[in-house]
Amino acid sequence: MHQKMKLEKKQKMKKAHRFLYRRRLLSAIAISVVFASGCGKGKEDEQTIQQEREAANTREAVSLTVWGAEEDTELMEQALDRFQQKYKDQADFQITYQAQGESSCKDALLGGLEEGADVFTFADDQLQALAAAGAIEPLQNADVIRTEHLPKAVEAASVKNKMYAYPLTADNGYFLYYHKEFFSEEDILSLDNMLQIAADNGKYMAMDWSSAWYVYAFFGNTGMEAGLNEDGITNYCTWNDKEGEIKGVDVAKSMLEIAQNPGFSNRTDTEFLQGVMDGTVIAGVSGVWNAMAIEEAWGKDFGAAKLPAFACAGRQIQMASFSGCKLVGVNAYSEYPEWAQKLAEWMVNEQNQKLRFELRGQGPSNKQAASSEQVQESLAIAALLEQSEYSHLQRIGGKFWEPVEAFAANMALGNETGEDLQKQLDQMVEKVTAR
């Protein structure tokens with residue numbers, strides 16, 4: 001709170017200095033114009049007045065720093081160049097693009113708001129913390145942005161129905177990739193079938209259980225819940241539930257059965273892609289960021305679809321997923337807030353989201369870009385949209401990740417510790433919900 005008050009005070013001082021500077025400049029120009037009109041005559045007077053009028057329109061020197069993913073460097077260079085060309089008659093720009101991991105943007109920014117980027121891209125699960133810290137403020141043009149972007153992206157960019165950021169993508173989720181030579185459209189409806197086919201062919205289906213983000217797939221559609229409390233920091237979690245049709249232990253037993261299947265491979269996203277390239281992996285769970293590489297590897301046999309169902313407690317349960325968006329934020333402490341906001345809005349417009357899809361394969365949040373023929377033809381985007389019916393916005397506090405990952409790691413090893421499953425679930429939930 002103290003930091004936020006300090007930042008607000010400094011921002012007001014900056015605005016006051018800019019206002020005084022502009023008022024003095026206009027006063028000086030006005031005096032010069034009056035002086036010139038009184039002392040000169042004819043063409044000399046007119047030329048003097050014109051020169052002073054032109055001086056009144058003095059071009060502003062604008063310096064902005066933009067943070068974003070290293071992989072976006074080429075894309076952003078094009079977008080920033082076009083921005084400067086569009087507004088070249090209004091200001092002299094010096095725009096610097098710096099690589100900054102989107103998953104750690106919040107920590108980097110809150111480490112020093114005054115030295116942070118004017119404009120930055122980040123994952124939507126960091127929005128609430130940034131808003132609470134006063135690092136970003138509600139959008140002034142929120143009504144316009146709402147009409148231009150997909151509802152789920154607008155929701156991801158909002159806190160208590162107030163928009164704090166500009167939606168950049170609507171594709172931060174996961175789905176199924178599969179090789180059509182091995183699987184039919186019917187095969188991919190069942191995880192058990194897929195694992196059996198993979199094992200029969202001496203291949204693997206891969207999923208990353210070292211990431212709690214993916215592990216959510218097994219609990220998300222069971223009736224058990226996990227999410228963020230009203231305080232925006234702590235979690236609630238019922239994954240150790242002993243009641244209901246599906247219990248926590250039921251899911252744990254299913255994970256153990258999957259882990260012991262010879263057709264299953266617990267792999268990180270990088271290892272999954274390596275397996276695709278060397279031919280050992282013929283199916284897996286990942287996101288759109290791998291679409292281009294996988295399609296290049298599998299060619300005409302490239303397939304993508306919603307996640308399959310898995311066997312649990314004597315029934316088939318559709319696998320769930322976390323969903324999310326990449327957002328663009330404007331530092332509340334930017335020295336040039338109007339230009340920073342204009343640049344952020346430019347980054348998420350239809351033209352630049354189409355360019356982002358062409359160069360990076362990322363799904364647009366902009367309605368017009370998302371409805372374009374090229375985007376509609378993307379198998380990966382179609383799979384993501386199909387999975388969206390079973391996805392939920394990621395709203396999780398920081399204490400969720402490590403306990404879930406520790407639990408899943410032990411499941412992947414076949415319960416190597418030998419500890420009672422209910423006890424493990426209880427311990428996991430206790431840590432996830434710790435205050």
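Guide: Before we start, please keep in mind that this is a predicted model.

Visitor: What angle do they pack at, and how far apart are their axes?
Guide: Helix 9 and helix 10, the latter made of residues 248–259, pack at an angle of about 115°, and their axes are 10 Å apart. The crossing of helix 9 past helix 10 is right-handed.

Visitor: Which residues make the contact?
Guide: From helix 9 come Val215, Phe218 and Phe219, while helix 10 brings Val251, Met255 and Ile258. Sorted by class, the contact of helix 9 with helix 10 has six nonpolar residues, with no polar and no charged ones.

Visitor: OK, now the inside: how many residues does the largest nonpolar core have?
Guide: The largest nonpolar core has 57 residues, and those with the most contacts inside it are Trp209, Phe218, Phe219, Trp239 and Met255. Helix 9, which covers residues 212–219, gives the most to this core, namely eight residues. Apart from this core lies another, of 51 residues, which includes Cys105, Leu139, Ala142 and Ala157.

Visitor: What does Trp239 touch?
Guide: Leaving aside residues up to four places away in sequence, Trp239 touches a list of residues that includes Tyr216, Phe219, Met224, Phe400, Val404 and Leu425.

Visitor: Switching topic, how are helix 3 and helix 14 oriented, roughly parallel or roughly antiparallel?
Guide: Helix 3 (residues 73–86) and helix 14 (residues 350–360) pack at an angle of about 160°, and because angles over 145 degrees count as roughly antiparallel, that is how these two helices are described. Their axes are 10 Å apart, and helix 3 passes helix 14 in a right-handed crossing.

Visitor: And what classes of residue are in that contact?
Guide: The contact of helix 3 with helix 14 has five nonpolar, three polar and three charged residues. Among those that meet are Leu75 and Arg82 in helix 3, and Leu355 and Arg360 in helix 14.

Visitor: Last one: is Ile317 buried or exposed?
Guide: Ile317, which lies in strand 15 (residues 315–318), has a relative accessible area of 6%, and because buried means under 20%, Ile317 counts as buried. Not counting residues up to four places away in sequence, Ile317 touches several residues, including Asn221, Ile246 and Phe310.

Visitor: How far is Ile317 from Ser190?
Guide: Ile317 and Ser190 are 127 residues apart in sequence, but in space they are 9.5 Å apart, C-alpha to C-alpha.

Terms used. Residues numbered from 1 in each chain as written. Predicted model: local features only at pLDDT ≥ 70, side-chain atom pairs only at ≥ 80, totals over all residues. Heavy atoms only, no water. Core = buried A, V, L, I, M, F, W, Y, C linked by side-chain atoms within 4.5 Å. Buried < 20%, exposed > 50% of the residue type's maximum accessible area, 1.4 Å probe, protein only. Helix = DSSP H or I, 4+ residues; strand = E, 2+ residues; numbered from the N terminus. Contact = heavy atoms within 4.5 Å. Axes fitted to C-alpha atoms, helices over the stretch in contact; angles between N-to-C directions. Left-handed = near helix turned anticlockwise from the far one by under 90°. Nonpolar A, V, L, I, M, F, W, Y, C, P; charged D, E, K, R; others polar. Parallel < 35°, antiparallel > 145°, perpendicular 65-115°, else oblique.
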